[in-house]
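Let's take a walk through a protein model together. Have a look at the sequence and the 3D view, and then we'll go through it step by step.

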Amino acid sequence: MAKLLLPDTENDVTPKALFLNRRTIIKTAGAAMLSSAAPALFANSAAPSWLNKKVQNTVYRSMSTDETLTEQYDATRYNNFYEFGTGKDDPAKYASEFNPYPWEIAVEGECDAPGVISLEDLVTSKALEERILRLRCVEAWSMVIPWTGLELGTLLKRFKPNSRAKYVVFESVVRKEELRGQKDRFSFIDWPYVEGLRIDEAMHPLSFLAVGMYGEALPPQNGAPIRLLVPWKYGFKSAKSIVKIRFVEKEPKTTWNISNPKEYGFYSNVNPNKSHPRWSQATERRIAGNGNIERIPTSMFNGYGEVASLYSDMDLKLFY
Ligand code: MTE
């Protein structure tokens with residue numbers, strides 16, 4: 001297993017050329033392990049060139065790690081995106097049926113400046129940065145992925161949330177003709193897929209909206225063109241392909257919480273001390289790529305301890 005350790009410290013700025021060079025090393029190492037029949041490493045040719053260019057030209061890396069990056073191949077082939085089906089390979093298999101462009105997000109509810117924002121207005125070069133983040137799924141697997149995007153709070157503030165805005169709701173796209181999982185009459189999800197955060201969680205600088213990964217525009221299977229990343233929470237909080245953001249006063253009903261409230265709480269902070277009713281959360285399978293899956297201990301808040309103060313007065317075993 002070729003390990004690529006990124007020596008960067010937090011707040012390091014990595015020139016794009018250097019980053020791309022590193023990615024070439026990772027890809028080359030990974031490619032050697034793939035059969036010659038393997039599909040192309042990346043399949044998002046549907047993304048408009050202006051978007052690919054903005055992502056490719058992002059040079060500011062605000063968060064890094066010394067952990068091994070997950071192979072791009074694995075991060076784009078092993079997915080949870082029930083709009084495409086429940087199998088881990090369904091999203092990549094059916095990704096080409098979804099054409100997200102052009103795209104807009106409607107922002108509404110408890111705010112003084114509700115409105116609709118286009119992807120073009122949202123994705124400005126100035127706002128974009130790269131963050132290498134851990135993604136910990138509630139199913140106890142995890143990945144380390146370089147994302148490109150913008151701080152969620154920066155976007156939210158543009159719409160001037162008012163004092164009744166205690167929570168923020170995120171709604172994913174509904175397009176039955178393009179998303180075959182939404183046509184499944186036996187699906188337990190009442191579409192759209194809905195997630196939510198408390199307003200202080202949403203405004204935390206770690207909350208991120210990604211439009212790219214591995215230096216390219218997001219592919220459909222990872223939530224093109226724009227998805228949430230809340231890295232200290234289980235992956236299902238990070239809603240994909242977002243079309244609506246709503247400021248609300250009361251804690252919203254969310255997709256997984258509705259489906260099974262005992263198993264999936266509203267908060268869903270990564271917590272090794274609170275088992276899922278059917279499995280332990282003390283460890284996780286780190287999918288580092290190249291066929292390397294390692295069992296490692298899970299860290300509180302997925303290692304992002306800076307969010308602890310958001311919950312200082314809460315018993316996180318009760319508010320799971
Ligand atoms: N968002 C939508 N709209 N639909 C989904 O099924 N799955 C969630 C989350 N966001 C999901 C979603 C789950 S369970 C996880 S673990 C992550 O997306 C997976 O993100 P990835 O496929 O990019 O790794």
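Predicted model: local features only at pLDDT ≥ 70, side-chain atom pairs only at ≥ 80, totals over all residues.

Sort the shell around the ligand by class and you get 8 nonpolar, 6 polar and 3 charged residues. Altogether, 17 residues surround the ligand.

Now zoom in on individual atoms. Which part of Lys240 comes within 2.7 Å of a ligand oxygen? It's the side chain: one of its N or O atoms lies 2.7 Å from an oxygen atom of the ligand. Asn222 also uses its side chain, with an N or O atom there sitting 3.0 Å from a ligand oxygen. With Ser238, look at the backbone instead: an N or O atom of the Ser238 backbone is 2.9 Å from a nitrogen atom of the ligand. And how much of the ligand does the protein cover? On its own, the ligand has 530 Å² of accessible area, and the protein covers 99% of that.

Where does the ligand sit? You'll find it in the largest pocket, which holds about 440 Å³ of space. The lining of this pocket is made up of 27 residues, and Asn80, Phe81, Tyr193, Gly235 and Phe236 are the ones nearest its centre. By class, that lining splits into 17 nonpolar, 6 polar and 4 charged residues. If you want to know where the lining comes from, check strand β5, residues 141-151: it gives the largest share, 4 residues.

There's another pocket to visit. The second largest pocket has a volume of about 170 Å³ and a lining of 18 residues. Nearest its centre you'll see Tyr234, Glu263, Lys274, Ser275 and Tyr320. The lining here divides into 8 nonpolar, 7 polar and 3 charged residues.

Finally, let's follow the backbone itself and stop at a few spots in the loops. You can find Pro102 in the loop between α4 (90-94) and β2 (104-109). Further along, Trp191 and Pro192 are joined by a cis peptide bond too, with omega at about 5°. Pro192 belongs to the loop between β6 (167-172) and β7 (194-198).

One last stop is Ala140. This residue isn't a glycine, yet its phi is positive, at about 75°. Look for Ala140 in the loop between β4 (129-136) and β5.

Definitions and conventions. Residues numbered from 1 in each chain as written. Heavy atoms only, no water. Near = heavy atom within 4 Å. Polar contact = N/O pair within 3.5 Å; in protein donor to acceptor, adjacent residues only side chain to side chain. Areas by Shrake-Rupley, 256 points an atom, 1.4 Å probe, with all protein chains shown as cover. 1 Å grid on protein atoms, 1.4 Å probe; cavity = no way out; pocket = protein on both sides within 12 Å on 5 of 7 lines; lining within 4 Å. Sits in = over half its atoms within 2 Å of the grid points. Nonpolar A, V, L, I, M, F, W, Y, C, P; charged D, E, K, R; others polar. Points joined across faces, edges and corners; volume = space filled by probe spheres on them. Helix = DSSP H or I, 4+ residues; strand = E, 2+ residues; numbered from the N terminus.
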